[in-house]
Amino acid sequence: MKGRGFTLIELLVSMSIFAVMSALVMVNFRVGERSDELRLGAQIYGSLVRDAESRAASGVIVCLCLSGEPTGPICTAARTCPAGGAPADVVPRGGYGVHLGPGDQAAVLFADLDASRLLNAGEELITEKFSASGGVRVMVGGGDIVFVPPRPDVWINGAQAAQEFSVTLEQLLNNTRREVRYNRISRRIEDQPL
């Protein structure tokens, strides 16, 4: 009488089919996770641009260490001035901006203290990485976008002539890209895959 169970060959074939299918699912999961990481990086950059714009529009103050000069370094978190001077709350003369450049893995929100319309040393407020793993970087574009109160006026790379500010972010592990554009006239941020 023949048993009704599975043979060893049938069990091995089923287990190998299951192993191959599991591997394919894991590969797809990783690709989707990296795609989400890139999309999140684009959203982080867009939110920093909106943050700079709203800070300039609402006249958000920043603590500066003043010692006879119209600008000074930014105070520490405890509102102390390590190099001397007295802490004073002021609206930055040049407004607020966001800086990033080719190869950067983070964007910097800054207070334009000297009204140069560009990031200079000591003006950094917040640095946000595009991804926790460091796998997203700026591939093309970048520079500085600055919002000058009270309207706020938009300055792109130190000038008002540019119509659009564009940056392409790249996920290093699977070479996918997203372009984020800010239009100076419409003030819209568009984010699309490439």
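**Salt bridges, core and loop geometry in the predicted model**

Glutamate 170 is buried, since its relative accessible area is 4%, below the 20% limit for burial. The structure described here is a predicted model. Glutamate 170 forms a salt bridge with arginine 137, in which the closest N and O atoms are 2.7 Å apart. This pair links distant parts of the chain, with glutamate 170 in strand E9 (residues 164-171) and arginine 137 in strand E6, 33 residues apart. Arginine 137, at a relative accessible area of 26%, is partly exposed. A network of salt bridges that share partners joins Glu164, Glu179, Arg181, Arg188 and Glu190. The count of salt bridges in the model is 13. Side chains of opposite charge can pair when their charged atoms come close.

A further salt bridge connects arginine 187 with glutamate 53, with 3.2 Å between the closest N and O atoms. Here too the partners come from distant parts of the chain: arginine 187 lies in the loop between strand E10 (176-183) and strand E11 (189-193), whereas glutamate 53 lies in helix H1, and 134 residues separate them. Glutamate 53 is buried, with a relative accessible area of 11%. Arginine 187 has a relative accessible area of 27% and is therefore partly exposed.

Within helix H1, arginine 39 forms a salt bridge with aspartate 36. The closest N and O atoms of this pair are 2.4 Å apart. Because the two residues are three positions apart in helix H1, about one helical turn separates arginine 39 and aspartate 36. Both are partly exposed, arginine 39 at 32% relative accessibility and aspartate 36 at 42%.

The largest nonpolar core contains 28 residues, and those with the most contacts inside it are Tyr45, Val98, Phe130, Ile145, Phe147 and Leu169. Helix H1 (residues 8-58) supplies the largest share of this core, seven residues. Beyond its neighbours within four places in sequence, phenylalanine 147 is in contact with Val49, Ala52, Glu53, Ala56, Gly94, Gly95, Tyr96, Pro152, Asp153, Val154, Tyr182 and Arg187. Among these contacts are Glu53 and Arg187, the partners of the salt bridge with a closest N to O distance of 3.2 Å.

Helix H1 also contains isoleucine 17, which is partly exposed, at a relative accessible area of 48%. Isoleucine 17 belongs to a nonpolar surface patch of about 410 Å², which is made by Ile9, Val13, Ile17 and Met21.

Serine 131 lies in the loop between E5 and strand E6 (136-141) and is buried, with a relative accessible area of 5%. A polar atom of the serine 131 side chain lies 3.0 Å from the backbone nitrogen of glycine 135. The side chain of serine 131 also reaches the backbone nitrogen of valine 136, at 3.4 Å. When neighbours within four places in sequence are left aside, serine 131 is in contact with Glu37 and Val136.

Alanine 115 is placed in the loop between strand E4 (106-111) and strand E5 (124-129). At 28% relative accessibility, alanine 115 is partly exposed. It touches Arg93 and Gly94, not counting residues up to four places away in sequence. The C-alpha atoms of alanine 115 and glycine 158 are 9.8 Å apart, with a sequence separation of 43 residues.

Most residues other than glycine have a negative phi, and most peptide bonds are trans. The peptide bond from proline 149 to proline 150 is cis, with omega near 5 degrees. Proline 150 is located in the loop between strand E7 (143-148) and strand E8 (153-156). The peptide bond from arginine 151 to proline 152 is likewise cis, with omega near 0 degrees, and proline 152 lies in the loop between E7 and E8. Proline 152 is one of the residues in contact with phenylalanine 147.

Positive phi values occur at two asparagines. Asparagine 157, in the loop between E8 and E9, has a positive phi of about 50 degrees. Its relative accessible area is 41%, so asparagine 157 counts as partly exposed. Asparagine 175, in the loop between E9 and E10, has a positive phi near 55 degrees. Asparagine 175 is partly exposed as well, with a relative accessible area of 48%.

Technical notes
Residues are numbered from 1 along each chain as its sequence is written. This is a predicted model: local features need pLDDT of at least 70, side-chain atom pairs count only at pLDDT 80 or more; totals for chains, interfaces and linings use all residues. Side-chain values use heavy atoms; hydrogens and water are left out. A nonpolar core is a set of buried Ala, Val, Leu, Ile, Met, Phe, Trp, Tyr and Cys residues joined through side-chain atoms within 4.5 Å. Buried means under 20% relative accessible area, exposed over 50%, partly exposed in between (1.4 Å probe, protein chains only). Helices (H or I, at least four residues) and strands (E, at least two) are DSSP runs, numbered from the N terminus. Contact means heavy atoms within 4.5 Å. Patches are made of residues with over 30% relative accessible area and no salt bridge: like charges are joined within 9 Å, nonpolar side chains (Val, Leu, Ile, Met, Phe, Trp, Tyr) within 5 Å. Accessible areas come from the Shrake-Rupley method with a 1.4 Å probe; for residues, only the protein chains shown count as cover. A salt bridge is a side-chain nitrogen of Lys or Arg within 4 Å of a carboxyl oxygen of Asp or Glu. A polar contact is a pair of N or O atoms within 3.5 Å; within protein, one must be able to donate a hydrogen and the other to accept it, and residues adjacent in sequence count only if both atoms are side-chain atoms.
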